[in-house]
Amino acid sequence: MGRGKIEIKRIENATSRQVTFSKRRSGLFKKAKELSILCDAEVGLVVFSSTGRLYDFASTSMKSIIERYNETTEDPHHTMNASSEAKEAASLRQQLHNLQEYHRQLLGQQFSGLDVEDLQNLESKLEMSLRNIRLKKDNVMLDQIQELSSKGSLIHQENMELRKKVSLVHEENINLQKKVYGPQGINEHSTGSPTQHSFLTRENEIGPNLELSLPENVEKDGLGIAKAVRRCRCKASTQPCREN
C-alpha cells in the first residue's frame, strides 16, 4: 500500500511544524549540493525560519554569488532603461524639429518640399486659425463692452445719489436761514447788494508865501520905501507894474 498524498497547507501544530521544517530544510540543502556537483552549477540558497533564524548554503561563496546575481539582474535593466531613454530623446528631438518646421511654414518662411496638397492644407489651417482669432477677439471686445456698461450704470447711480444729497443739503440750508433770518430776512439777505464805501481826500492848499525885503541901496525916506514896496508887489502879481 503506497503513501497517501500530503495536502500542502500550513501546519498548525508548532512542534510538528518545526520538525517538518528541519527535515525538509536538510533535504533542500542536500538537493542544492547535489545540483551544484552534478551540473557544475553555482548554487546559493538562503532560508529564514518562522522564528527568524537564518540558514544558507553556497557552492562557492555566498558574497560572490550575490554580487554575480546583482550584476546579472541590474545590467540588463540599466541597458534597457538607457535604450528606452535614448529612443524617447530621439523621438522628442524629431517632434521638436517638426514643430519648428511647421512654425516656419506658418510664418511663410519655408515652403521647400511642399506640393499643392500640402499648401492647400496649410492654407486651410491658417484660415481656421484666423477665424478662431477673430472669434476670440470679438468675445473679448463684447466682454469689455459689458464691463464698461456696468461701470457706467454704477457711476450713473452714484451721480443720482450725490444729486439727492446735494438737494437735501440745500433744503437744510434754506430751513436754517428761515430759522435765523425769517422769511423777509432771507429775501433781503439774498437780494441785497454790498455797500459801497467812498473815501474822500482833501488836499491842503498852500498859498504863496512872500517875504518882503528891502534892498541895501534903498533910501530910508518915505518915497524910497513906497517904491520898494511897489516893486515887490509887482513881482508877486502877474500884471505889469507902472511906476508913478
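Figure 1. Lys 151 counts as partly exposed, because its relative accessibility is 44%.

**Figure 2. Salt bridge between Glu 42 and Arg 68.** The structure holds three salt bridges, and in the one shown here the closest N and O atoms are 2.5 Å apart. This pair links distant parts of the chain: Glu 42 belongs to the loop between H1 and E1, whereas Arg 68 is in helix H2 (residues 62–106), 26 residues apart. Glu 42 counts as partly exposed at 35% relative accessibility, while Arg 68, at 51%, counts as exposed.

**Figure 3. Salt bridge between Arg 10 and Glu 12.** The side chains of these residues meet at 3.4 Å, N to O. Both Arg 10 and Glu 12 are exposed.

**Figure 4. The two ends of helix H1.** Asn 13 caps the N-terminal end of H1, a side-chain oxygen lying 2.9 Å from the backbone nitrogen of Thr 15. With 26 residues at 1.5 Å a residue, H1 should span 38 Å, and the 37 Å between its end C-alpha atoms agrees with this. Asp 40 follows H1 and is placed in the loop between H1 and E1. Although Asp 40 is not a glycine, its phi is positive, at about 55°. Asp 40 is exposed, with a relative accessible area of 72%.

**Figure 5. The largest nonpolar core.** Seven residues form this core: Phe 29, Ala 32, Val 43, Leu 45, Val 47, Tyr 55 and Phe 57. Helix H1 (14–39) and the strands E1 (44–48) and E2 (54–58) each supply at least two of its residues. Phe 29, Ala 32 and Ser 36 are buried in H1, and the buried residues of this helix pack against E1 and E2. Beyond its neighbours within four places in sequence, Val 47 is in contact with Phe 21, Leu 28, Phe 29, Arg 53, Leu 54 and Tyr 55.

**Figure 6. Confidence along the protein chain.** The mean pLDDT of the chain is 76, and 69% of its residues reach 70 or more. Confidence is highest in E1, at 93, and lowest in helix H4 (residues 222–236), at a mean of 55. Over residues 192–222 pLDDT stays under 50, and the model has eleven contacts for them beyond four places in sequence. Where pLDDT is low, the predicted coordinates should not be read in detail.

Note on methods: Residues are numbered from 1 along each chain as its sequence is written. This is a predicted model: local features need pLDDT of at least 70, side-chain atom pairs count only at pLDDT 80 or more; totals for chains, interfaces and linings use all residues. Side-chain values use heavy atoms; hydrogens and water are left out. A nonpolar core is a set of buried Ala, Val, Leu, Ile, Met, Phe, Trp, Tyr and Cys residues joined through side-chain atoms within 4.5 Å. Buried means under 20% relative accessible area, exposed over 50%, partly exposed in between (1.4 Å probe, protein chains only). Helices (H or I, at least four residues) and strands (E, at least two) are DSSP runs, numbered from the N terminus. Contact means heavy atoms within 4.5 Å. The expected span of a helix is 1.5 Å times one less than its number of residues. A polar contact is a pair of N or O atoms within 3.5 Å; within protein, one must be able to donate a hydrogen and the other to accept it, and residues adjacent in sequence count only if both atoms are side-chain atoms. pLDDT is the predictor's confidence in each residue, from 0 to 100. A salt bridge is a side-chain nitrogen of Lys or Arg within 4 Å of a carboxyl oxygen of Asp or Glu.
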